[in-house]
Amino acid sequence: METTFEVDLLPDAQEFLEKLDDSAREKIYYNIKKSQIVIDNELFKKLNNFIWEFRTLFNNKSYRLFAFWDRTAGQKTLVIATH
């Protein structure tokens with residue numbers, strides 16, 4: 001199945017994810033991949049005109065990564081995520 005955008009995790013987001021336990025980290029990665037295919041405001045939500053967030057609820061904890069769109073003409077849309 002084709003994705004609607006690519007995701008690039010900035011170093012601070014990668015560092016945050018590496019500090020999590022394996023189960024939480026896997027769930028967050030799963031939800032990011034799912035949000036690339038399915039439109040679901042519970043997974044990927046627009047906060048204002050410029051800021052979006054990847055959202056994951058796992059074991060009664062909410063995890064959020066802020067994200068920004070980069071739409072360059074002629075290229076696939078890139079979403080840059082940070083923490």
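Q: What joins the side chains of Asp 22 and Arg 25?
A: A salt bridge, with N and O 2.3 Å apart. Keep in mind that this is a predicted model.

Q: Where do Asp 22 and Arg 25 sit relative to each other?
A: Both are in helix H2, which covers residues 22-35. They are 3 residues apart, so about one helical turn separates them.

Q: Is Arg 25 buried or exposed?
A: Arg 25 is buried, because its relative accessible area is 12% and the cut-off for buried is under 20%. Asp 22 has 49% relative accessibility, so it counts as partly exposed.

Q: How many salt bridges are there by this rule?
A: The count comes to 5 salt bridges.

Q: Which residues are linked in a network of salt bridges?
A: Glu 42, Glu 53, Arg 55 and Arg 64.

Q: Let's take Glu 53, then. Where does it lie?
A: Glu 53 is in strand S3, which runs over residues 52-58.

Q: And which residue does Glu 53 meet in a salt bridge?
A: One of its partners is Arg 55, with N and O 3.3 Å apart. That side-chain pair also makes a polar contact, at 3.3 Å.

Q: How far apart are the closest N and O atoms of Glu 53 and Arg 64?
A: They are 3.3 Å apart, and the two residues form a salt bridge. This pair links distant parts of the chain, with Glu 53 in strand S3 and Arg 64 in strand S4, residues 61-70.

Q: Is Arg 64 buried, exposed or partly exposed?
A: Arg 64 is partly exposed, because its relative accessible area is 41%.

Q: What else does Glu 53 touch?
A: Leaving out residues up to four places away in sequence, Glu 53 touches Leu 43, Phe 44, Lys 45, Leu 47, Arg 64, Leu 65, Phe 66 and Ala 67.

Q: New topic: pockets. What volume does the largest pocket have?
A: The volume of the largest pocket is about 170 Å³.

Q: Which residues line the largest pocket?
A: The lining includes Thr 4, Phe 5, Ser 35, Gln 36, Ile 37 and Val 38. Phe 44, Trp 52 and Trp 69 are also among the lining residues.

Q: How do the lining residues divide into nonpolar, polar and charged?
A: The lining of the largest pocket has 7 nonpolar residues, 4 polar and 1 charged.

Q: You mentioned Gln 36. Where is its place?
A: Gln 36 is in the loop between H2 and strand S2, which is residues 44-46. At 8% relative accessibility, Gln 36 counts as buried.

Q: What is Gln 36 in contact with?
A: Apart from neighbours within four places in sequence, Gln 36 contacts Glu 2, Thr 3, Thr 4, Phe 5, Glu 6 and Val 7.

Q: How far apart are Gln 36 and Thr 4, in sequence and in space?
A: In sequence they are 32 residues apart. In space the distance is 5.5 Å, C-alpha to C-alpha.

Terms used:
Residues are numbered from 1 along each chain as its sequence is written. This is a predicted model: local features need pLDDT of at least 70, side-chain atom pairs count only at pLDDT 80 or more; totals for chains, interfaces and linings use all residues. Side-chain values use heavy atoms; hydrogens and water are left out. Helices (H or I, at least four residues) and strands (E, at least two) are DSSP runs, numbered from the N terminus. A polar contact is a pair of N or O atoms within 3.5 Å; within protein, one must be able to donate a hydrogen and the other to accept it, and residues adjacent in sequence count only if both atoms are side-chain atoms. Contact means heavy atoms within 4.5 Å. On a 1 Å grid over the protein atoms alone, a cavity is a set of points where a 1.4 Å probe fits but cannot get out, and a pocket is an open set with protein on both sides within 12 Å along at least five of seven lines; lining residues have an atom within 4 Å of a point. Grid points are joined across faces, edges and corners, and a volume is the space filled by probe spheres set on the points. Ala, Val, Leu, Ile, Met, Phe, Trp, Tyr, Cys and Pro count as nonpolar, Asp, Glu, Lys and Arg as charged, and the others, Gly among them, as polar. A salt bridge is a side-chain nitrogen of Lys or Arg within 4 Å of a carboxyl oxygen of Asp or Glu. Buried means under 20% relative accessible area, exposed over 50%, partly exposed in between (1.4 Å probe, protein chains only).
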